[in-house]
Amino acid sequence: LSGQAKIRLGARKVEIGPAAAAYFPPNVPHSIKTLGEEKFEYLYTYSTPKTGQNITPEAVSDDEANLFDLLNLPDTRWALSEDFENWVACEPTKGDGVRVRFLFDEVRGKHLEMQVGIGEIGPNIHYTLHYHAMPEIYYVLDGSAIVWLGEEKVEVSKGDTLYLPANIVHGVDNSSEQPLRLYY
């Protein structure tokens with residue numbers, strides 16, 4: 001969200017800033033070190049196989065971390081800036097009014113268990129009601145809108161996080177003059 005950091009995955013180190021994403025696979029040593037004077041703010045989430053699972057960090061030496069060497073290539077992608085990916089239209093009938101940048105998925109990094117990206121819904125655009133077999137989490141980066149969750153409407157704005165359960169019909173009305181940008 002803000003600031004700069006050097007992230008490490010095993011033996012590899014990469015500098016990142018706002019509008020970047022990183023994926024740390026299980027059982028691979030990783031770290032984050034702030035660079036510069038600005039506070040480094042970021043979002044994170046864990047995927048666990050069962051509710052209530054405890055995630056306990058364990059310190060490792062540089063030598064132990066260096067035993068893992070995952071290159072940052074298309075098949076093993078683990079870090080990137082969003083501007084490396086092109087926008088993809090989600091609703092062609094609305095031009096580029098509803099678009100996404102895929103950051104991690106089954107193609108970009110071979111991440112079968114998740115999909116991460118940046119979404120943008122243009123001013124005065126309705127993103128059609130739809131549903132998915134998987135749950136979603138939205139974090140609003142900029143703008144404001146109404147998100148429909150079934151029959152319920154939820155007003156969201158910058159800094160809000162919203163959980164959408166699997167198979168719930170949802171859509172977005174951006175009736176403002178600013179684009180709605182979100183991580184999903």
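Hi everyone. Please keep in mind that this is a predicted model.

Let's start with the sheet. It is open and has three strands in the order β2-β1-β4, paired antiparallel. β2, residues 12–16, and β4, residues 30–35, are the edge strands; each has a single partner, so one side of each has no neighbour in the sheet. On average, neighbouring strands here are turned by 20 degrees against each other, ignoring direction. Between β1, residues 4–9, and β4 there are six bridges, and Arg-8 sits opposite Ser-31 of β4.

Now the core. The largest nonpolar core holds 19 residues, and Ile-121, Tyr-138, Val-147, Leu-162, Val-172 and Leu-180 have the most contacts inside it. Among the elements giving it two or more residues are β7, β10, β11 and β13. What does Leu-162 touch, leaving out residues up to four places away in sequence? Its contacts include Tyr-138, Val-147, Val-154 and Val-156, along with Glu-136.

On to charges: the count is 14 salt bridges. One of them joins Arg-108 to Glu-85, with the closest N and O atoms 3.4 Å apart. Arg-108 is in the loop between β7 and β8, while Glu-85 is in the loop between β5 and β6, so this pair ties together parts 23 residues apart in sequence. Glu-85 is buried, at 14% relative accessible area.

Arg-99 pairs with Asp-96 at 3.8 Å between the closest N and O atoms. Arg-99 is buried at 18%, whereas Asp-96 is exposed at 53%. Through shared partners, salt bridges link Glu-82, Asp-96, Arg-99, Arg-101, Glu-120 and Arg-181 into one network.

Methods
Residues numbered from 1 in each chain as written. Predicted model: local features only at pLDDT ≥ 70, side-chain atom pairs only at ≥ 80, totals over all residues. Heavy atoms only, no water. Pairing = 2+ DSSP bridges. Helix = DSSP H or I, 4+ residues; strand = E, 2+ residues; numbered from the N terminus. Axes fitted to C-alpha atoms, helices over the stretch in contact; angles between N-to-C directions. Core = buried A, V, L, I, M, F, W, Y, C linked by side-chain atoms within 4.5 Å. Buried < 20%, exposed > 50% of the residue type's maximum accessible area, 1.4 Å probe, protein only. Contact = heavy atoms within 4.5 Å. Salt bridge = Lys/Arg side-chain N within 4 Å of Asp/Glu carboxyl O.
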